[in-house]
Amino acid sequence: MKKINLIISFMFISIGLFGCQQNDNENVDNEPSETQPLDTKAEVLEEDFVYRLVTEKAEYGKNEPIKIYAELEYTGGKEEIEIFHSASPFSFPMIETTRNYEIGYGMDQPLLSTKLLKGEPLRAEYSGSGGYDSKDKKEYIDFMRQIMNQEFPEGRYVVNGIADFYIIANEETEQEKKYIIKANVEFRVKHSN
């Protein structure tokens, strides 16, 4: 009887260890599997503002235009509010996770203002990004040249969208209130079916 209990105990321990080993090997690089859905829409509420970031598709084909947009909506108690920002309140930096490449998003830095009407979102579309230094590796430069031509190489991309602006919180003292609202969406580029 002791021998049978020992064999059964050994079997349970073996099954438990095998199960742990299987879980440890899944998604070793934390890369979602091809069948795992990607987050293509994000919405963040911060005080009187709603920031939305959207990629229109989870998967794009070769040379297909990448459609990403951001929206900022005022939901506060006034009929309108003025926000202050650089060339745009929106930026679209990305990371290509297959190669672990960061894709910067440069922007002019003038001080501009925009009036937001309550309930009417301000919208801007992604229109390109990227850049490189002559000291960067050739593979990275080639990759960035494609991105800058809006010809995204095959891979998985995470857009780390930002709405960056401020308002005048107190008219009398001209006290500013800064907002940096962040959201992420993802998409894949596949060149073959």
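Lys178 and Asp164 pair up through their side chains in a salt bridge, 2.4 Å from N to O (that is, a side-chain nitrogen of Lys or Arg within 4 Å of a carboxyl oxygen of Asp or Glu). Lys178 sits in strand S12 (residues 175–189) and Asp164 in strand S11 (residues 155–170), so the contact ties together parts 14 residues apart in sequence. This is a predicted model, where local features need pLDDT of at least 70, side-chain atom pairs count only at pLDDT 80 or more, and totals for chains, interfaces and linings use all residues. Residues are numbered from 1 along each chain as its sequence is written, and side-chain values use heavy atoms, leaving out hydrogens and water.

**Accessibility of that pair**
- Lys178 is partly exposed at 48% relative accessible area, and Asp164 is partly exposed at 29% (buried is under 20%, exposed over 50%, partly exposed in between, with a 1.4 Å probe and protein chains only).

**Other salt bridges**
- The whole structure has eleven salt bridges.
- One of them joins Glu73 and Arg52 at 2.7 Å, N to O.
- Glu73 belongs to strand S4 (residues 68–74) and Arg52 to strand S2 (residues 49–55), 21 residues apart; strands here are DSSP runs (E, at least two residues), numbered from the N terminus.
- Both Glu73 and Arg52 are buried.
- Lys115 bridges to Glu80, with the closest N and O atoms 3.6 Å apart.
- Lys115 is exposed at 53%, while Glu80 is partly exposed at 36%.

**A loop glycine**
- Gly106 falls in the loop between strands S8 (101–103) and S9 (112–117).
- Gly106 is exposed, at 67% relative accessible area.
- Its C-alpha atom is 7.0 Å from that of Ser129, 23 residues away along the chain.

Notes: Helix = DSSP H or I, 4+ residues; strand = E, 2+ residues; numbered from the N terminus.
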